[in-house]
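I'd like to talk about charged pairs today, so let me put the model up.

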Amino acid sequence: MIAVPAALTAGVVAWLTITDEPESGATAPVRVFNVEEGCRKRGDRPPGCSIGLAINPRRNYDAHNVVSHRVWHGDAVNADCILYDGDEVTDEIGTKSTRWYRVRLNDVPSGHAWLSGIRTRDNPALPTCVL
């Protein structure tokens, strides 16, 4: 957070606060995308087609760094900010991304987890996350 002078009138300085922290309550929906066509076409939700959400987007994205909540192709999650320099994730066809969305969840202790940008085709306008 940075405070900068916003205006100077009659010797009085007003301060404007600039922060990258998202405003409370401000979210944008992000739809989950699974590059595997066989999973996209399924009507059921088999575990093998689920996508894990990370605990920490800067740590290696593996089984030790995911919350218990799973998502499937087509699910919508509410994101409140975006991180551009997280762990690089490569999907099943070789596309890479270091972008991560912080998504709100009611069923995990922290109240949020992280969806890799490789797992969505959406690009909502969101503030940058501060970690």
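Quick definition before we start: a residue is buried when its relative accessible area is under 20%, exposed when over 50%, and partly exposed in between, using a 1.4 Å probe and protein chains only. Now, this is a predicted model, so local features need pLDDT of at least 70 and side-chain atom pairs count only at pLDDT 80 or more, while totals for chains, interfaces and linings use all residues. Residues are numbered from 1 along each chain as its sequence is written, and side-chain values use heavy atoms, with hydrogens and water left out.

Overall picture first. We've got one helix and 10 strands, where helices are DSSP runs of H or I with at least four residues, strands are runs of E with at least two, and numbering goes from the N terminus. Reading from that end, the order is β-β-β-α-β-β-β-β-β-β-β. There are 131 residues, and 37% of them count as buried.

So, the charges. Side chains of opposite charge can pair when their charged atoms come close. I'm calling it a salt bridge when a side-chain nitrogen of Lys or Arg sits within 4 Å of a carboxyl oxygen of Asp or Glu. Searching the whole structure turns up eight of them.

Take Asp75 and Arg45: their closest N and O atoms are 2.9 Å apart. Asp75 is in the loop between β5 (66-71) and β6 (76-83), and Arg45 is in the loop between α1 (37-40) and β4 (51-54), so this bridge ties together parts 30 residues apart in sequence. Arg45 is partly exposed, at 45% relative accessible area, whereas Asp75 comes in at 17% and counts as buried.

What does Arg102 meet in a salt bridge? That would be Asp80, at 2.9 Å from N to O. Arg102 belongs to strand β9 (residues 100-104) and Asp80 to strand β6, so here the parts tied together are 22 residues apart in sequence. Both ends are tucked away: Arg102 is buried at 12%, and Asp80 is buried at 6%.

Last pair: Lys96 and Glu88, with closest N and O atoms 4.0 Å apart. Lys96 is exposed, at 52%, and Glu88 is partly exposed, at 46%.
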